[in-house]
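User: I would like to go through this model with you. Could we begin with the surface and then turn to individual residues?

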Amino acid sequence: MSYDGLTFIEPKALYNLLQQATFYSCLSDPNYLLLIDARKKHEFAEDHVLTAKKAPKRENGEFLVPYDAELECKQNIVIYDSNTSEFTDPQAPALLCGCLLWNMGSRNPVQILKGGYEAFSALYPFLRTQKIIYMPREMDEIKPYPVEVLPGFLYLGNWFHGNESYIQKDLKIKAHINVCVEPGTLFAEPGQQRLHIQVEDREDADLFSHFSKACTFIDQG
């Protein structure tokens, strides 16, 4: 079997795809991400990654292209099964489904989640859900988490992320670096540390001179 057009994506990369946002979450754009769950039906029903769709199948078990896939329009296509991590098993559900979507017209490489659902859900259990259908308004209301810079250690977020207690709990945040003019008040659990770097929000603001202090704070965190 040829795996041309397929590539692996790390769990961190999928996490960050799910967190991209401007005013609304990028997930509200129907062409931004097609996330496909290639596991068995009962596994998908038990729980799956936020916004994932179940890969449809024929009666003989062969995968089908989702009826509303519009592969040529999708910026990102990600497929996962239980635990596929290599191109070694030609019968791996994620690889079979991925080859189909690539051959049927995906304009971008089809990305296979490395380690599958098992790896992703172990790292990001708070992104599991049983919800299957999302209305457009619900997609608009999805609240992203901060972007992960270093897995399980360093995140880049905004004022909202710094003030939501569930984000601190889910990501096990232990310290904050607040970069703005006013020190403000960020949500903090007992024992959390804070560093305020007073910088104006301008394109020509001097951030470099504060790097050493910020790095020292992070190393001590």
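Analyst: Accessible areas here come from the Shrake-Rupley method with a 1.4 Å probe, and for residues only the protein chains shown count as cover. On that basis the protein chain exposes about 13100 Å², of which carbon and sulfur atoms supply 53%. This is a predicted model, in which local features need pLDDT of at least 70 and side-chain atom pairs count only at pLDDT 80 or more, while totals for chains, interfaces and linings use all residues. Residues are numbered from 1 along each chain as its sequence is written, and side-chain values use heavy atoms, with hydrogens and water left out.

User: How many helices and strands are there in the protein chain?

Analyst: The protein chain has eight helices and 11 strands. These are DSSP runs numbered from the N terminus: helices are H or I of at least four residues, strands E of at least two.

User: What share of the residues counts as buried?

Analyst: Of the 221 residues, 38% are buried. Buried means under 20% relative accessible area, exposed over 50%, and partly exposed in between (1.4 Å probe, protein chains only).

User: Where is Thr51 placed, and is Thr51 buried or exposed?

Analyst: Thr51 sits in the loop between β3 (48-49) and β4 (53-54). Its relative accessible area is 12%, so Thr51 is buried. Phi of Thr51 is near 75 degrees, a positive value in a residue other than glycine.

User: Which residues does Thr51 touch?

Analyst: Leaving aside residues up to four places away in sequence, Thr51 touches Leu18, Leu27, Leu35, Tyr134, Met139 and Ile142. A contact means heavy atoms within 4.5 Å.

User: What about Lys172: buried or exposed?

Analyst: Lys172 counts as exposed because its relative accessibility is 65%. Lys172 lies in the loop between α7 (165-171) and β10 (175-179). Phi of Lys172 is near 55 degrees, again a positive value in a residue other than glycine.

User: Changing topic, how do β8 and β9 run?

Analyst: Strands β8 (residues 147-150) and β9 (residues 154-156) run antiparallel and are joined by three bridges. Two strands pair if DSSP finds at least two bridges between them. Val147 stands opposite Leu156 in β9. The hairpin of β8 and β9 has three residues between the strands, and Gly152 takes a positive phi near 70 degrees there.

User: Which feature does UniProt place at residues 19-126?

Analyst: The UniProt record, an unreviewed entry, gives "domain: Rhodanese" for residues 19-126. UniProt positions are given in the numbering used here, feature names are shortened, and annotations may be inferred rather than shown by experiment. Over residues 19-126 the chain is 24% helix and 17% strand, with the end C-alpha atoms 13 Å apart.
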